[in-house]
Amino acid sequence: MAKIDLNCDLGESFGAYTIGMDDKVIPLISSANIACGFHASDPVVMEKTVAMAAKAGIGIGAHPGYPDLMGYGRRNMNVSPEEAGAYVTYQLGALYAFARSAGVKVQHVKPHGALYNMAAKDYKLALAIAQAVKDFDPSLILMGLSGSESVRAAQDIGLPVAREVFADRAYMPDGSLMPRSMEGAVIHDEEEAIRRTVRMVKEHKVTAADGTDIEILPDSICVHGDNVKALAFVTQIRKAMEEEGVEIAPLSEIIKV
């Protein structure tokens with residue numbers, strides 16, 4: 001039976017502010033990308049999210065971003081590759097501490113927001129991120145946009161890498177994600193999201209914003225935890241994958257390390 005990982009960006013609440021429905025989403029996914037304090041989250045939220053993921057037995061991943069709480073990590077920043085690598089190491093270390101205290105391992109690393117999207121197109125930035133992950137723990141899996149420079153950089157240095165596709169985001173003709181500033185960048189229609197996801201998994205294709213089909217290779221499907229339809233999406237995607245004979249499984253069962 002074919003396998004696919006279903007991941008969600010979680011642990012993005014901060015102080016008195018609650019984002020997402022983490023407790024309801026976690027039982028339905030196979031991997032969680034947990035914010036590490038730079039773009040969202042705080043120590044208490046990180047600890048609680050790791051505990052929930054550990055109890056559910058799903059894969060735990062670090063979700064490092066730019067130091068941009070005000071912009072939720074979605075604003076581009078002009079930093080050197082060396083600085084970006086240090087940001088990743090710092091945040092990965094924070095999540096690792098909570099995971100170790102909970103008696104679980106960190107499975108993967110998925111950059112967040114602008115850091116993720118910039119690295120998808122900038123090889124030097126992608127390489128710095130991949131090297132930071134490898135230097136910390138070469139058994140960690142780096143998650144990157146399918147067909148991106150992030151995937152290429154990880155492959156070049158021998159770091160395990162998972163190719164990610166998005167259920168709730170529109171694509172540009174070059175395979176990049178449509179900027180959130182553009183209308184239609186975020187998909188809210190359940191039927192459309194499920195239809196696109198099934199096609200990406202079964203046919204390895206997705207229709208871009210200009211109507212053309214682009215090739216896409218998925219190891220993991222992402223649903224954003226801050227999307228108001230996140231719970232509905234993960235529920236329906238899981239059901240659709242079962243109907244298509246595709247097993248939902250954590251990255252550790254899909255990517256050889």
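## A walk through the predicted model

Leucine 69 sits in the loop that runs between strand 3 and helix 3. With a relative accessibility of 42%, leucine 69 counts as partly exposed. Together with Phe14 and Tyr17, Leu69 makes a nonpolar surface patch of about 330 Å².

The loop between strand 3 and helix 3 also holds tyrosine 72. Tyrosine 72 counts as buried, at 13% relative accessibility. Its backbone deserves a look as well: phi of tyrosine 72 is near 60 degrees, a positive value in a residue other than glycine. Most residues other than glycine have a negative phi.

### Helix 3 and its surroundings

Follow the chain onward to helix 3, which covers residues 81-101. Helix 3 has 21 residues and reaches 30 Å from its first C-alpha to its last, close to the 30 Å expected at 1.5 Å a residue.

Which residues of helix 3 are buried? They are Ala84, Gly85, Tyr87, Val88, Gln91, Leu92, Leu95 and Ala99. Viewed down the axis of helix 3, these buried residues fall within an arc of 155 degrees, so they line one face of the helix. On the other side of helix 3, Glu82, Tyr90, Arg100 and Ser101 are exposed.

What do the buried residues of helix 3 pack against? Their partners include three strands that you can pick out in the model: strand 2 (31-35), strand 3 (59-63) and strand 4 (108-109). Helix 2 (43-56), helix 4 (113-121) and helix 5 (123-136) are packing partners too. Just after helix 3 comes glycine 103, with a positive phi of about 75 degrees.

### Salt bridges across the chain

How many salt bridges does the structure hold? There are eleven. Side chains of opposite charge can pair when their charged atoms come close.

| Aspartate 9 | Lysine 110 | 3.1 Å |

Take the salt bridge of aspartate 9 with lysine 110, where the closest N and O atoms are 3.1 Å apart. Aspartate 9 belongs to strand 1 (residues 2-10) and lysine 110 to the loop between strand 4 and helix 4, so the pair ties together parts that are 101 residues apart in sequence. Are these two partners buried or exposed? Aspartate 9 counts as buried at 3% relative accessibility, and lysine 110 is buried with a relative accessible area of 2%.

Glutamate 190 is partly exposed at 30% relative accessibility, and lysine 229 is partly exposed at 29%.

Glutamate 244 counts as partly exposed at 36% relative accessibility, and lysine 202 is partly exposed with a relative accessible area of 45%. Elsewhere, salt bridges that share partners join Asp9, Lys110 and Glu164 into one network.

Histidine 204 lies in the loop between helix 7 and strand 7 (205-207). Phi of histidine 204 is near 60 degrees, a positive value in a residue other than glycine. Histidine 204 is partly exposed, with a relative accessible area of 31%.

Finally, look at aspartate 219, in the loop between strand 8 (213-215) and strand 9. Aspartate 219 is buried, with a relative accessible area of 9%. Which residues does aspartate 219 touch, not counting residues up to four places away in sequence? They are Ile4, Asp5, Val161, Ala162, Arg163, Leu251, Ile254 and Ile255. Aspartate 219 and glycine 61 are 158 residues apart in sequence, and their C-alpha atoms are 15 Å apart in space.

Definitions and conventions:
Residues are numbered from 1 along each chain as its sequence is written. This is a predicted model: local features need pLDDT of at least 70, side-chain atom pairs count only at pLDDT 80 or more; totals for chains, interfaces and linings use all residues. Side-chain values use heavy atoms; hydrogens and water are left out. Helices (H or I, at least four residues) and strands (E, at least two) are DSSP runs, numbered from the N terminus. The expected span of a helix is 1.5 Å times one less than its number of residues. Buried means under 20% relative accessible area, exposed over 50%, partly exposed in between (1.4 Å probe, protein chains only). The arc is that of the directions from the helix axis to the C-beta atoms. Contact means heavy atoms within 4.5 Å. Patches are made of residues with over 30% relative accessible area and no salt bridge: like charges are joined within 9 Å, nonpolar side chains (Val, Leu, Ile, Met, Phe, Trp, Tyr) within 5 Å. Accessible areas come from the Shrake-Rupley method with a 1.4 Å probe; for residues, only the protein chains shown count as cover. A salt bridge is a side-chain nitrogen of Lys or Arg within 4 Å of a carboxyl oxygen of Asp or Glu.
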